[in-house]
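Hi,

Here is the structure I promised you.

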Amino acid sequence: MTSDERALTALHLLLVWALMSAVMPAVGFALVATAWAGGYGALVPVLAVGVPLLVALLSIMGAPVKAVVPLCASVPKRLGWSALVLVLGTLGVLAGLAVYDDGVRLGSAGTRVALTGASYAVAAAFFVPNRRVRLGATVVLAAAVAYGGFIGPDQARQRRHTADVARYREHRELLYTIDTPPGMRVARADVGSVAFAVEYHSVRRDGYVGLSVRTPLDPRPSCPAPPEKDVTCAVDERGDVSVVRTFPGGRHTSLTRRHGAVEAEVSSQTLDEPALRRLLDTLHPLSDAELEGLMKEKALG
């Protein structure tokens, strides 16, 4: 390839990039606005006019290299070349929109507009019969696939994970947990602005323990007044409140303890008060590893 041909090729790819960077964002906006106003059926006349217009504009960009690119040597060939570049470039734009919608960062608005045109310029570069030009286009395409398919999504996942951790840690004064009861596993955990709740279910689905950490409901530990029917309540010397509710076929036991500025309650229909007290004795701040485990198991609601 001579120096004149290199200059023509560079001008050709620059013109394709500039044209599509200017036109495609406007076309995309027009399509969205038309679909919003008239439904998908209204897109048919817009596409019927817009696609041939884009093909014609692209064919003009191919005219300067009719002596370099065989597919641009004549008007019919340039129209076919334009259609191919339009289809391939649009596929690249749609792939970019998909990864952007998934949280992959593609820079500022100006950068995203430039990337739109770059997709068509790369497609046009593959039709230039020069090894270096095609190699450069292949490198750009490989870099785009690597970032859009692997690097970008991984960074997006990391950002979402960091944001989730920050959101869960927003009320860290409530984030206390107990050791997992023997034979049980965490089934669900809920983080709120006034309470942190964890549900433990037995592996065989025949047992349940609930933990709730919240701001104290009463200024000091006390039993409900007036006493409720079928309810036994007691407050021990350390301020733990034990409540046992009996009902036909079983009972529900809960034990509440103050811990600094919060109170923690464990409850169960299968464990008695001594077992719940042993669990409450293991109350400790939720560690980063435990939070990661809850997130990994998708137990947090």
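Predicted model: local features only at pLDDT ≥ 70, side-chain atom pairs only at ≥ 80, totals over all residues.

Val113 is partly exposed, with a relative accessible area of 34%; buried would be under 20%, exposed over 50%, and partly exposed is what lies in between (1.4 Å probe, protein chains only). Val113 sits in helix α4 (residues 109-125), where helices (H or I, at least four residues) and strands (E, at least two) are DSSP runs, numbered from the N terminus. Leaving aside neighbours within four places in sequence, Val113 is in contact with Ser21 and Pro25, contact being heavy atoms within 4.5 Å.

Residues are numbered from 1 along each chain as its sequence is written, and side-chain values use heavy atoms, with hydrogens and water left out.

Now the helix pair. α1 (residues 3-38) packs on α2 (residues 43-62) at an angle of about 175 degrees, with the axes 10 Å apart. That makes α1 roughly antiparallel to α2. Angles under 35 degrees count as roughly parallel, over 145 as roughly antiparallel, 65 to 115 as roughly perpendicular and the rest as oblique; axes are lines fitted to C-alpha atoms, for helices over the stretch in contact, and angles run from 0 to 180 degrees between N-to-C directions. The residues of this contact divide into 16 nonpolar, 3 polar and no charged. (Ala, Val, Leu, Ile, Met, Phe, Trp, Tyr, Cys and Pro count as nonpolar, Asp, Glu, Lys and Arg as charged, and the others, Gly among them, as polar.) Val23 is among the α1 residues that meet α2.

On to the sheet. It is open, with 7 strands in the order β2-β3-β4-β8-β7-β6-β5 and antiparallel pairing; two strands pair if DSSP finds at least two bridges between them. β2 (184-191) and β5 (231-235) stand at the edges with a single partner strand each, so one side of each has no neighbour in the sheet. On average, neighbouring strands are turned by 15 degrees against each other, direction ignored.

At the β2 end, 7 bridges join β2 to β3 (residues 195-202), and the hairpin of the two has 3 residues between them. Arg185 stands opposite His201, and Met184 opposite Ser202.

At the β5 end, β5 and β6 (residues 241-247) pair over 5 bridges, with Cys233 opposite Val243. Gly239, in their hairpin, has a positive phi near 95 degrees.

Two side-chain pairs are worth a click. Thr177, in β1 (residues 176-177), is buried at 6% relative accessible area, and its side chain makes a polar contact with that of Tyr200 (3.2 Å). Glu265 in β8 (residues 262-268) has a polar contact of 2.7 Å with the side chain of Arg214 through its own side chain. A polar contact is a pair of N or O atoms within 3.5 Å; within protein, one must be able to donate a hydrogen and the other to accept it, and residues adjacent in sequence count only if both atoms are side-chain atoms.

Cheers
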